[in-house]
Amino acid sequence: MTARDLLPQKGFLRERLWIWLAGLFFWGMSAAAAALFTPLGTRLVLIWNGPADTTAHLAQIDNRLAEIEKSVSRALGEDRVIRQKAGLSYVEEPVHVGETVTLILVMERTKLGRDCRLTDWVPLFTDASNIPTPGERLNAGPVRRQIGAEPTKLRIEIVPPPTLIPGRVEVYLSMEYDCAGTRIPERSDPVTYKLLVAGR
């Protein structure tokens, strides 16, 4: 046996190359079939698109959290300059036609309104005609008192319009605040009372 007999034959190398190529072909076909006909393909797509999908999903979560935060702020009254304590505001009754209305409001300033100043307010009355009609402040002049961060009981005397129809009447204050040079309209929660005919 000579050294030449130990060298690989050309047919042997060609045969090995075909076996290697056939293996690659069948491996590729198997991978393609697995990707198309099994959950593996879906998972590979998810893995490939994972970073972009995660970023989009996180953006959706951030938007939803912002909406929830706004809803909670709205429910707690934090999206307003002032907030009324529920169930504590009322009108001192009885009230007859032509009499002054004494409105008791329990209010507090929110974090949003901590740098705002009340500059003007007007009482508005709504009767059975469902038309808001302005009343008058009993003591006209500049606003003398600001509401603090703690619940504050306010006793407000107002003159209702003489045209109010006896029966159920709703009253609220339309207020104007100056918040760092920006005019912010605000209103109190409505309070209802029964307007009686004089002498009854």
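Before the first click, a term: buried means under 20% relative accessible area, exposed over 50%, and partly exposed in between, with a 1.4 Å probe and protein chains only. You're looking at a predicted model, where local features need pLDDT of at least 70, side-chain atom pairs count only at pLDDT 80 or more, and totals for chains, interfaces and linings use all residues. Residues are numbered from 1 along each chain as its sequence is written, and side-chain values use heavy atoms, with hydrogens and water left out.

**Stop 1: colour by confidence.** pLDDT is the predictor's confidence in each residue, from 0 to 100. The protein's mean is 81, and 80% of its residues reach 70 or more. Helices (H or I, at least four residues) and strands (E, at least two) are DSSP runs, numbered from the N terminus.

**Stop 2: select Arg83.** You'll find Arg83 in strand E1 (residues 82-84). Is Arg83 buried or exposed? Arg83 counts as buried, because its relative accessible area is 19%.

**Stop 3: show the cysteines.** A search of the whole structure turns up 1 disulfide (a pair of cysteine sulfur atoms within 2.5 Å). Cys116 and Cys179 are the partners, S to S 1.9 Å. Cys116 belongs to strand E5 and Cys179 to strand E9, so the pair ties together parts 63 residues apart in sequence. The torsion about their S-S bond is about 115°, so this disulfide is right-handed. Both Cys116 and Cys179 are buried.

**Stop 4: the nonpolar core.** A nonpolar core is a set of buried Ala, Val, Leu, Ile, Met, Phe, Trp, Tyr and Cys residues joined through side-chain atoms within 4.5 Å. The largest one has 27 residues, and Leu103, Tyr177 and Tyr193 have the most contacts inside it. Elements giving two or more residues to this core are E4, E5, E8, E9 and strand E11 (191-196). Which element gives the most? That's E9, with 6 residues.
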